[in-house]
Amino acid sequence: MSTTAPEHHASYGYADPYAVDTTDDYWPAPANPYLDTDYLLAPPNPAERLSYPIDTRDRHRLDLHAALTTAGIPPRPEDRDAIDQLSALPAGINATLQRWLHHTA
């Protein structure tokens with residue numbers, strides 16, 4: 001019994017990904033190498049902040065998501081209906097829910 005090598009009848013040649021001529025600079029050097037380093041962003045300027053009105057129900061939903069996540073209970077996609085129903089409750093009840101969640105964290 002003889003072993004045969006698999007035959008490839010492809011019409012294209014093999015390209016070696018490591019056969020690269022490194023003598024040419026394909027990427028130019030940065031103009032200032034210090035601009036490429038990591039740096040802290042400037043604090044936000046409140047005067048430049050965009051003001052978009054947010055519906056009360058949306059604000060309650062965002063606050064409830066934040067309170068749940070802070071308490072170590074990240075909301076799941078299947079929790080969306082419950083969070084929407086809780087967000088529709090009056091502001092006093094929503095504040096109480098958030099206070100309870102903040103005390104558990």
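Hi everyone, let me begin with a word we will need: a residue is called buried when its relative accessible area is under 20%, exposed when that value is over 50%, and partly exposed in between, using a 1.4 Å probe and protein chains only. What we have here is a predicted model, where local features need pLDDT of at least 70, side-chain atom pairs count only at pLDDT 80 or more, and totals for chains, interfaces and linings use all residues. Residues are numbered from 1 along each chain as its sequence is written, and side-chain values use heavy atoms, with hydrogens and water left out.

Let's start with L101. Is L101 buried or exposed? Its relative accessibility is 15%, so L101 counts as buried. You will find L101 in helix α3, residues 91-104. Helices here are DSSP runs of H or I with at least four residues, strands are runs of E with at least two, and both are numbered from the N terminus.

Which residues does L101 touch, if we skip neighbours within four places in sequence? They are L64, A67, L68, A71 and I73, where contact means heavy atoms within 4.5 Å. I73 lies 28 residues from L101 along the chain, and their C-alpha atoms are 9.3 Å apart.

Now for the core. A nonpolar core is a set of buried Ala, Val, Leu, Ile, Met, Phe, Trp, Tyr and Cys residues joined through side-chain atoms within 4.5 Å. The largest one has six residues: L64, A67, L68, A71, I83 and L101. Helix α1, residues 56-70, gives the largest share, three residues. In soluble globular proteins, nonpolar side chains tend to be buried together. As for L64, its contacts beyond four places in sequence are I83, L86, Q98 and L101.

On to the charged residues. A salt bridge needs a side-chain nitrogen of Lys or Arg within 4 Å of a carboxyl oxygen of Asp or Glu. How many salt bridges does this rule give? The count is three.

One joins D58 and R61, at 2.4 Å from N to O. These two are three residues apart in helix α1, which means about one helical turn separates them. R61 also pairs with D84, at 3.3 Å. That pair links distant parts of the chain, with R61 in helix α1 and D84 in helix α2, residues 80-87, 23 residues apart. D58, R61 and D84 therefore form a network of salt bridges.

Finally, E78 and R76 meet in a salt bridge at 4.0 Å. E78 has 55% relative accessibility, so it counts as exposed, and R76, at 56%, is exposed too.
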